[in-house]
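Thanks for asking me to look through this one with you.

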Amino acid sequence: MKKRTILGVRACTWVWLIMMGLTLVTYLIGQLGLGGISASLTVLAFALIKGQMLGDYFMGLKRISGFWRWPVVIWLFLPGGLISVAFTLVG
Amino acid sequence: MQAQAVAEPIRYPPGDLAIWVFILAELAAFGAFFGAYAFTRMQHVELFNHFQATLDRDAALINTFALITSSYFVVRAVASIRDNNSQGCVRWLMAALVMGALFLIVKAQEYAHHIDEGIRLSTNTFYMFYLSLTFFHFMHVIMGMVILAAVAVKAKRGGYSATEHTGVETGASYWHMVDLVWLILFPLVYVMK
């Protein structure tokens, strides 16, 4: 079975590295004491991107068509939206 | 006649469909929890920001790395069994279990520290959410590890193959859900303020 690779590295390995990198940036934002709407929504966006990558590439939902393609996407959108609204209203 | 490979659309996610119904129910519960946290925080912003600063963000970073890495190992386990490599599948699952154990140890140390400081669910609203949310997730990590261990035992006995490995995909899907929840929980509880 042929593996999908980019620059000789498995696609799933790239996904793992990107997720680890976004996690490190999230941690550093916390360590720098950055807060407020911009920092919070940036960190949340990183989390949603990681969640989408996990759903698409680790759970294997990217190649699914029909109903089962969407529950994880919708799940990310709903709590993500609620959290965004709550943090934005607080300012 | 030239043969053409037509990619059939895949309509169902990997693993047993029953686990996906369970996963959606779990995600709904955690989603409601996250929304409740965010909207309760609106009434107590200073309290949440003050006590969030008392949490161990280094431990949370280690745990996030551990869960993401364990999910990656599980992806490799599924790839191995699809290649009919049972031994490889078992090795990747064991590596994932080690990462899961690391998560539990680090989180247990955090809880021990909180208990030493006299922190309880009733201490304040922030700790009520923090302790209940993270402990609810903690229990899911344990459940996921039990499932992965059962899958690893069956794989070691040659119970899966390239053509029949639904059990591996089912366990993998549950474990990825546990990771997915933590990906939102970590920034929400430990970083966003």
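**Notes on the two chains**

1. Phe138(B), in contrast, is buried, with a relative accessible area of 12%.

2. Before going on, please note that this is a predicted model, in which local features need pLDDT of at least 70 and side-chain atom pairs count only at pLDDT 80 or more, while totals for chains, interfaces and linings use all residues. Residues are numbered from 1 along each chain as its sequence is written, chains are lettered from A and ligands numbered from 1 in the order in which they are written, and side-chain values use heavy atoms, with hydrogens and water left out.

3. How are the rings of Phe135(B) and Phe138(B) arranged? Their centres are 5.8 Å apart and their planes are at 15°, so the pair is stacked. Rings of Phe, Tyr and Trp (its six-membered ring) pair if their centres lie within 6.5 Å; planes under 30 degrees apart count as stacked, over 60 as edge-to-face and the rest as tilted. Both residues sit in helix H5 (residues 125-156) of chain B, three residues apart, and about one helical turn separates them.

4. Over all chains, the structure holds 26 aromatic pairs. One of them is tilted: Phe73(B) and Trp92(B), at 5.5 Å centre to centre with 40° between the planes. This pair links distant parts of the chain, since Phe73(B) is in helix H3 (residues 57-82) of chain B and Trp92(B) is in helix H4 (residues 86-116) of chain B, 19 residues apart. Phe73(B) is buried at 16% relative accessible area, whereas Trp92(B) is partly exposed at 24%.

5. Now for chain A, which has three helices and two strands, in the order β-β-α-α-α along the sequence. Helices (H or I, at least four residues) and strands (E, at least two) are DSSP runs, numbered from the N terminus. The C-alpha trace of chain A spans about 50 × 35 × 15 Å along its principal axes. Of its 91 residues, 44% count as buried.

6. Arg69(A) lies over the face of Trp70(A), at 5.5 Å from the ring centre. In chain B, Lys107(B) lies over the face of Tyr111(B), at 5.3 Å from the ring centre. The test is that NZ of Lys or CZ of Arg is within 6 Å of the ring centre and within 35 degrees of the ring normal.

7. Which residues does Thr69(B) touch? Leaving aside residues up to four places away in sequence, Thr69(B) touches Trp16(A), Met20(A) and Met99(B), where contact means heavy atoms within 4.5 Å. Thr69(B) is found in helix H3 of chain B and is buried, at 8% relative accessibility.

8. Finally, look at where the chains meet. The contact takes 49 residues from chain B and 46 residues from chain A. About 4400 Å² is buried between the two chains, and carbon and sulfur atoms give 77% of that area. Buried area is the accessible area (1.4 Å probe) that two parts lose on being put together, summed over both. Tyr72(B), Met192(B) and Lys193(B) supply 14% of the area that chain B buries against chain A, more than any other three residues.

Key: Buried < 20%, exposed > 50% of the residue type's maximum accessible area, 1.4 Å probe, protein only.
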